[in-house]
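Here is a friendly briefing to read alongside the coordinates. Take a look at the model first, and then walk through the topics below.

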Amino acid sequence: MTRPVPSPTWMGEAPPAPPTPRAGDRLRLSARCVCVVLVFLCGLGAMGVTRLIETVLRRSDRPLSVHIPRLVSRATVAILGIGVTIRGRPMRHAGAVVCNHGSWFDILALNAASNVFFVAKSEVAGWPGIGFLARIAGTVFIRRDPREAAAQARLFETRIRAGHRLLFFPEGTSSDTRRVLPFKSTLFQAFFTEDLRARMWVQPVSLRYHAPSGEDPRFYGWWGDMAFAPHLEKLLKARRGGRITLVFHPPLAVAAHRDRKALAAACEAAVRDGFSAL
């Protein structure tokens, strides 16, 4: 089979057909929905309180609120019955984290493993519900426009100086979870400013989904023109949970690479090697 040509609107093969409804699906869906909503409401309340405290104390590093998304993500992953295996160690210092992208669920999986702030396209800010949650969690919204590269570099520098670890998906789009698409180097340029290059580190992460027993290998994949709501419903109704494996590779020093393309290639190689080994 010929591998599809990656692009910003990568489609790949047709998504799997919806699973055949079975007894208990509706009850499972309702119970998990209630649990997830309660978890998110508690998280929002805790986030509001901790952000208020941080504002009063003028703590731009967000020492309290940064932990809330991690707790919410861990609880949500547990409610869905999905196991998470972590190999390697998330870096502790400020910098950037890059990972392959297979689904909207990547955000929960990565947040459950490490305290990070996501970098997302500006359109996400307007998505109903998700946009609000993303803003509350401190997501950095950007437009993939070369004319805004300088402004983005300043924004990244401000957040990194505040002690934040920024996570982005260099592929630029999600796949069906069975492959790693070529990395785009544009966002890496922000780390080569005079103030950041000498002290900046980037940690590659490989993420691999393992579908529940008997399900399509692409069960967790969310790509192309797949709608969010039906995909979320499928995960909430799943009778068996699958697994997610995260491999945190050794951080790479930006100063050890000649330019953004070399750094992007090194990160892609590490992610591909880790992905292929899982």
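**Strand β2 and its partners**

In this predicted model, strands β2 and β6 (residues 201-210) pair in the parallel sense over four bridges. Strands and helices here are DSSP runs, numbered from the N terminus, with at least two residues (E) for a strand and at least four (H or I) for a helix. Two strands pair if DSSP finds at least two bridges between them.

- Strand β2 (residues 95-99) is largely enclosed by the rest of the structure, because five of its five residues are buried. Buried means under 20% relative accessible area, exposed means over 50%, and partly exposed lies in between (1.4 Å probe, protein chains only).
- In a regular strand the side chains alternate between the two faces of the sheet.

- I53 has its place in helix α1 (residues 25-57), and its relative accessibility of 35% makes it count as partly exposed.
- Together with V49, L52, V56, L57 and L64, I53 makes a nonpolar surface patch of about 560 Å². Such patches take residues with over 30% relative accessible area and no salt bridge, joining nonpolar side chains (Val, Leu, Ile, Met, Phe, Trp, Tyr) within 5 Å and like charges within 9 Å. A salt bridge is a side-chain nitrogen of Lys or Arg within 4 Å of a carboxyl oxygen of Asp or Glu.
- S65 is found in the loop between α1 and α2 (68-79), and S65 is buried at 2% relative accessible area.
- Beyond its neighbours within four places in sequence, S65 is in contact (heavy atoms within 4.5 Å) with M47, T50, R51 and E54.

**The chain as a whole**

- The chain holds seven helices and eight strands.
- Of its 278 residues, 46% are buried.
- Among contacts with a separation of 6 or more, 77% are between residues 24 or more positions apart.
- The accessible surface comes to about 13800 Å², and 59% of it belongs to carbon and sulfur atoms; areas come from the Shrake-Rupley method with a 1.4 Å probe.

**Reading the values**

- Residues are numbered from 1 along each chain as its sequence is written, and side-chain values use heavy atoms, leaving out hydrogens and water.
- Local features need pLDDT of at least 70 and side-chain atom pairs count only at pLDDT 80 or more, while totals for chains, interfaces and linings use all residues.
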